[in-house]
Amino acid sequence: KKVLREKSTIMSDKKVTLVADNSPIEVDKEIAEMSGTLKHMLEDIDVDEAIPVPNVSFAILEKVIQYCEHHKDDAPNTDAKDEPSSDDIAPWDEDFCKVDQATLFELILAANYLDIKPLLDLTCKTVANMIRGKTPEEIRKLFNIKNDFTPEEEEQIRQENAWCEDR
């Protein structure tokens, strides 16, 4: 918490207070506005008011802020054709996503709720890379998913989706 505050003090003097799990954290307004959700909230309220961030735990909010602070100077990617593939993950981003599955999925939910598209893209690409080349059985094992299909239902699904198999 302290490191994030010290880093952010250098950037600007407009601060906002975000509250998750009843714990406040102060961040630069420009960092908070990287979230579409928070940007809209800031347009509707006085900057001096604490902004509640429900649906996001304090620990995950700190990770989201860490991501935003690292990427604050990135140019926005407006051209969908230039969207990097799941192979194009920067080393810092790759390290950022080296977390347990529960944290990774909480980051996905937070990025979606807070409307931070680059973070959502990164975390989803990380999951895509985790399942790339794996069989359905391996994916179920990786994510601890119970198979509730009968063998007949599985075969029917395989036949219906044979067009998308790598052959």
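I looked up Phe 96 first: its relative accessibility is 3%, so Phe 96 counts as buried. I use buried for a relative accessible area under 20%, exposed for over 50%, and partly exposed for values in between (1.4 Å probe, protein chains only). I note that this is a predicted model, in which local features need pLDDT of at least 70 and side-chain atom pairs count only at pLDDT 80 or more, while totals for chains, interfaces and linings use all residues. Residues are numbered from 1 along each chain as its sequence is written, and side-chain values use heavy atoms, with hydrogens and water left out.

**Entry on the aromatic pairs**

How many aromatic pairs does a search of the whole structure find? I recorded four such pairs. One of them is formed by Trp 92 and Phe 96, which are stacked, with 5.3 Å from centre to centre and 15° between the planes. Rings of Phe, Tyr and Trp (its six-membered ring) pair if their centres lie within 6.5 Å; planes under 30 degrees apart are stacked, over 60 edge-to-face, and the rest tilted.

I then located this pair in the fold. Trp 92 and Phe 96 both belong to helix 5 (residues 91-96), where four residues, about one turn of the helix, separate them. Helices (H or I, at least four residues) and strands (E, at least two) are DSSP runs, numbered from the N terminus. Is Trp 92 buried or partly exposed? Trp 92 has 27% relative accessibility and therefore counts as partly exposed.

I next looked up Phe 105 and Phe 143, which form an edge-to-face pair at 5.7 Å centre to centre, with 70° between the planes. Phe 105 is in helix 6 (residues 101-114) and Phe 143 in helix 8 (residues 136-143), so this pair ties together parts that are 38 residues apart in sequence. Phe 105 is partly exposed, with a relative accessible area of 31%, whereas Phe 143, at 17%, is buried.

**Entry on the cluster and a charge**

Which residues form one aromatic cluster with Trp 92? I found Tyr 67 and Phe 96 in that cluster. Phe 96 also has the charged end of Lys 63 over its ring, 4.2 Å from the ring centre. The test requires NZ of Lys or CZ of Arg within 6 Å of the ring centre and within 35 degrees of the ring normal.

**Entry on helix 4**

I followed Tyr 67 and Lys 63 into helix 4, where both are buried. Helix 4 (residues 58-70) has 13 residues and spans 18 Å from its first C-alpha to its last, close to the 18 Å expected at 1.5 Å a residue. The expected span is 1.5 Å times one less than the number of residues. Why do I describe helix 4 as largely enclosed by the rest of the structure? I do so because ten of its 13 residues are buried. Among them are Phe 58, Ile 60, Leu 61 and Glu 62.

**Entry on Pro 54**

I found Pro 54 in the loop between strand 3 (51-52) and helix 4. Pro 54 is partly exposed, at 41% relative accessibility. Pro 54 and Ala 20 are 34 residues apart in sequence, yet their C-alpha atoms are 6.3 Å apart in space.

**Entry on Glu 154**

I placed Glu 154 in helix 9 (residues 151-160). With a relative accessible area of 14%, Glu 154 is buried. Which residues does Glu 154 touch, not counting those up to four places away in sequence? I listed Glu 137, Arg 140, Asn 147 and Phe 149, contact being heavy atoms within 4.5 Å.
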